[in-house]
Amino acid sequence: VILGILQYPDPRLKRVARRVDVVSDDIKKIVDDMFETYYAQENCAALAATQLDLEDPPAITVIDVSANKNEPLCLINPEIIESRDETNEPEGCMSVAVVDAYEKVKRAKTITVRALDREGHMQEFEATGFLAKCIQHEMDHLVGKIFLDHLPSMKRERYANRIKKQLRLIKKEQ
Ligand SMILES: [Zn+2]
């Protein structure tokens, strides 16, 4: 099932994901739907459950940074247990898709991540560069934050207004 991707400023983007206690069949189904949604997009780096049209979204993010898009990485209840160095690279977001929004966001350059995988196994690994940036961006989503929240409020409001205008135009054309 391909899920809808919520668009800013949809208030549901502020939801905090619920922690997954057991990787049940229902959770696996959500993971599979998330990957189906993910691979149906062009230029999508990662998705978080909280940015999708799901009820009571669990703490899950799906990512694939491989060139051939054949290395799915599923993180359930992701935690950053260590981070070091800083980068300031431009980011975009699938929930801010109606306008071209790319803004620099300060992130840790290298992180050590702990999360469950789709089978419920604990995984711990180090990520750096683009993957580290994606994971931090998605973990923001899981606590109801989007990258625009890192910008000065004037800049964020400007985006919000541009987006609302654009969404109105799209609605009119339909
Ligand atoms: Zn995003």
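Why are His137 and His141 separated by about one helical turn?

Modeller: This is a predicted model, in which local features need pLDDT of at least 70 and side-chain atom pairs count only at pLDDT 80 or more, while totals for chains, interfaces and linings use all residues. Residues are numbered from 1 along each chain as its sequence is written, and side-chain values use heavy atoms, with hydrogens and water left out.

His137 and His141 are separated by about one helical turn because they sit four residues apart in helix H2 (residues 129–142); helices (H or I, at least four residues) and strands (E, at least two) are DSSP runs, numbered from the N terminus. His137 is buried at 6% relative accessible area and His141 is buried at 1%, where buried means under 20%, exposed over 50% and partly exposed in between (1.4 Å probe, protein chains only).

Gln51, in the loop between strand E1 (46–48) and strand E2 (60–63), counts as buried because its relative accessibility is 1%. Leaving aside neighbours within four places in sequence, Gln51 is in contact with residues including Cys93, Ser95, Glu138 and His141, contact meaning heavy atoms within 4.5 Å. The side chains of Gln51 and Ser95 are joined by a polar contact of 2.9 Å, and the Gln51 side chain also reaches the backbone nitrogen of Ala48 at 3.0 Å. A polar contact is a pair of N or O atoms within 3.5 Å; within protein, one must be able to donate a hydrogen and the other to accept it, and residues adjacent in sequence count only if both atoms are side-chain atoms.
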